[in-house]
Every structure is written in structure tokens, then in C-alpha cells.
Amino acid sequence: MGVAIVTGASRGIGRGIAVALGAEGWRVAVNYAGNLAAAGECVELVKRAGGDAIAIQGDISQCDDRARIDAQAAHWGGRIDLLVNNAGIAPAVRADLLDADESSFDRLLAVNLKGPYFLSQLVARRMIAHPLDAAGSRGQIVNISSISAYAASTDRGDYCIAKAGIGMMTSLYATRLAEHQIRVYEIRPGVIATDMTGAVRSKYDALIGAGLTPIRRWGQPEDVARAVVAIARGDLPFSTGEVINVDGGFHLRTL
Ligand code: NAP
């Protein structure tokens, strides 16, 4: 198996992805922003699952930090076969579209869109220089967006815009990197039980109970992780730029 960077892997969906990759024998660079203890726990879980891991601190919204994450992971792993752009934040305050301020917009776009956009640029340049692996690939990139890429929530427009941007970013990198045998995918999770959704748990309990999703349960980080593992294994060799919904069927329109 190969070497992966998973951003925001100390907690939540990123941790689920890191541990699932570990169980497949991957070596995982566990990026985190500030929660060293949680990152250390994740490293232990990846190792216990059968993989290897290192914790790498870095704020993906910062240019210098992105360079350090890329360089440290490559130094440790020798090469990078998989980048999972998972790290993301919710708005500090959910504010109506007509009231929301620019500081929240700037922070959200910096972490949720600019960070993955330019980290992908760095890692893609590195992958292009790789020799082909046994499966004829130079690497893969997975972007974790959200149902918010297309579902309008007027109390968090900044988050929706950032996730919609990840959709175009996926198309752009998939198009540009195909000639280099690097495939790019977007995973759109629905409502997943993590710290991010902790503050709105009872709201979503009620919505799911009332039929928000055809599959009437919360998603778990492991649900997203299983989709990443399928990609990591190389099971989608003739697909790139593909959107994979991991949302309990939320995206289905019914009449
Ligand atoms: P979470 O539980 O809040 O965890 C966020 C993770 O991102 C943590 O590991 C955190 O590190 C890291 N992080 C935050 N800001 C960062 C930065 N600037 N640089 C590097 N790492 C940073 O979130 P989650 O629910 O797992 O969400 C993960 C991704 O899935 C996000 O992109 C989110 O938008 C997306 N998503 C989530 C849901 C959902 O329902 N939960 C649904 C759709 C999409 P520290 O531990 O150091 O703070």
C-alpha cells in the first residue's frame, strides 16, 4: 500500500478515513490544526489497525503550513500516493445571508477552499514527478465536499459557496491531471455524526426522523471512509472528476 496525507485527520471524518486506510496497510500523514492530543490518538489507532502514521501540524489556510505539510509527509513517506482534502470548518456563527459579515466569509473560504486548492497544487506537482506505480497510476486526490455544494442553506452561505467551489476544483484538477495518470474524486457527505454537527444534533435527529434522507439514520465517519478506501484501492480506474454521494440518499429528488 502507499502513503496518504489526510488533512484534518485528528477528529471526525478525517480520523475515520485515516484509520480505515491504516486497516488497508497504508502509511498515513495525519494532519491537524491544533489538537495534538486528538492527532496522537489517531496515529495510535492507525497503527493498531495495521498501518503506520505520523502527526503533522499545519493550518491548511496558510501557505507556509501547506508547504511544510507536503514536505514533511513526503520526507517521511518517500512519495505521496493519495491526498485526501478533508479538513474543514463550519461558520463560527450561523448568520442569515443578509447579516453575515466578511470576516467569517474570508476565514471559511481560506480554510475550506483556498487551503485544499493550493495544497492540491503542491502535492500534484510532486505526484507528476513520480514514476508510475504497479497499477499505472501516479497518485489520486479525494476532495471531501458536502451536500452543501448544491443545497442552499441561507444561514451559512459562506460554507455552501466554499463547498460548491470544491466541486469545480475537482473538475479542474481531474481534467488537468488525467494526462499524468492522476485521478481526482469528490465525495459529498450528508449529515455525519462528528463534532461539527454536535451543536445541531437535536435539529438533525428530528429532520432525519421526519424523512430528510431515504436511509433514515445519521451517517458515520466510517461511511465516508469506506468510499475513500474504494478509491484508494484503485477500484475506479476509468473514472475521474466523479462525485460520490455518501448521504443516505439525500440528493434524490422525489415527487
Ligand atoms: P470536525 O469533526 O469538526 O473535524 C475537523 C477536522 O479538521 C479536525 O481534525 C481539525 O483539526 C481539522 N481542521 C480544522 N481546521 C483546520 C485547518 N485550518 N487546517 C488543518 N486542519 C484543520 O469536522 P468533520 O465533521 O469531521 O468534517 C470533516 C470534513 O467533512 C469537512 O470538510 C466538512 O466540511 C465535511 N463535511 C462534514 C459533514 C458533517 O455532517 N460532519 C457533512 C458534509 C461534509 P483539530 O482537531 O486540530 O482542530
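Me: Which residue in E4 does Ile-5 stand opposite?

Reply: The model is a predicted one. Strands E1 and E4 run parallel and are joined by three bridges. In E4, the residue opposite Ile-5 is Leu-83.

Me: Are the residues on the two faces of strand E4 buried or exposed?

Reply: Strand E4 comprises residues 82–85, with Leu-82 and Val-84 on one side and Leu-83 and Asn-85 on the other. Both faces are covered. These four residues are all buried.

Me: What is the bridge partner of Leu-82 in E5?

Reply: E4 runs parallel to strand E5 (residues 139–144), and four bridges join them. In E5, Leu-82 has as its bridge partner Gln-140.

Me: What is the bridge partner of Val-6 in E2?

Reply: Strand E1 (residues 3–6) pairs with strand E2 (residues 27–32) in the parallel sense, over four bridges. Within E2, the partner of Val-6 is Val-30.

Me: Which are the edge strands of the open sheet of seven strands?

Reply: The order of the sheet is E3-E2-E1-E4-E5-E6-E7, and its pairing is parallel. An edge strand here pairs on one side only, which is the case for strand E3 (52–57) and strand E7 (242–246). Neighbouring strands of this sheet are turned against each other by 20 degrees on average, direction ignored. The edge strands are thus E3 and E7.

Me: At what angle to E3 does helix H2 run?

Reply: Helix H2 covers residues 36–49 and lies across E2 and E3. Its angle to E3 is about 165 degrees.

Me: What span should helix H1 have at 1.5 Å a residue, and how far apart are its end C-alpha atoms?

Reply: Helix H1 has twelve residues, 12–23. The expected span is 1.5 Å times one less than the number of residues. H1 should therefore span 16 Å, and the distance between its end C-alpha atoms agrees, at 17 Å.

Me: Which residues of H1 make the contact with H7?

Reply: H1 passes H7 in a right-handed crossing. On the H7 side, the contact involves Pro-221, Val-224, Ala-225, Val-228, Val-229 and Ala-232. Buried residues of H1 include Ile-13, Gly-16, Ile-17 and Leu-21. On the H1 side, the contact is made by Gly-12, Ile-13, Gly-16, Ile-17, Ala-20 and Leu-21.

Me: How far apart are the axes of helices H3 and H4?

Reply: Helix H3 (residues 63–77) passes helix H4 (residues 102–128) in a right-handed crossing. Among the residues in this contact are Ala-67, Ala-71 and Ala-74 of H3 and Phe-118, Leu-119 and Leu-122 of H4. The two helices pack at an angle of about 35 degrees, with an axis separation of 10 Å.

Me: Is Gln-181 buried, partly exposed or exposed?

Reply: Gln-181 is found in the loop between helix H5 (157–177) and strand E6 (182–189). Most residues other than glycine have a negative phi. Gln-181, although not a glycine, has a positive phi of about 60 degrees. Because its relative accessible area is 32%, between the limits of 20% and 50%, Gln-181 is partly exposed.

Key:
Residues numbered from 1 in each chain as written. Predicted model: local features only at pLDDT ≥ 70, side-chain atom pairs only at ≥ 80, totals over all residues. Heavy atoms only, no water. Buried < 20%, exposed > 50% of the residue type's maximum accessible area, 1.4 Å probe, protein only. Pairing = 2+ DSSP bridges. Axes fitted to C-alpha atoms, helices over the stretch in contact; angles between N-to-C directions. Contact = heavy atoms within 4.5 Å. Left-handed = near helix turned anticlockwise from the far one by under 90°.
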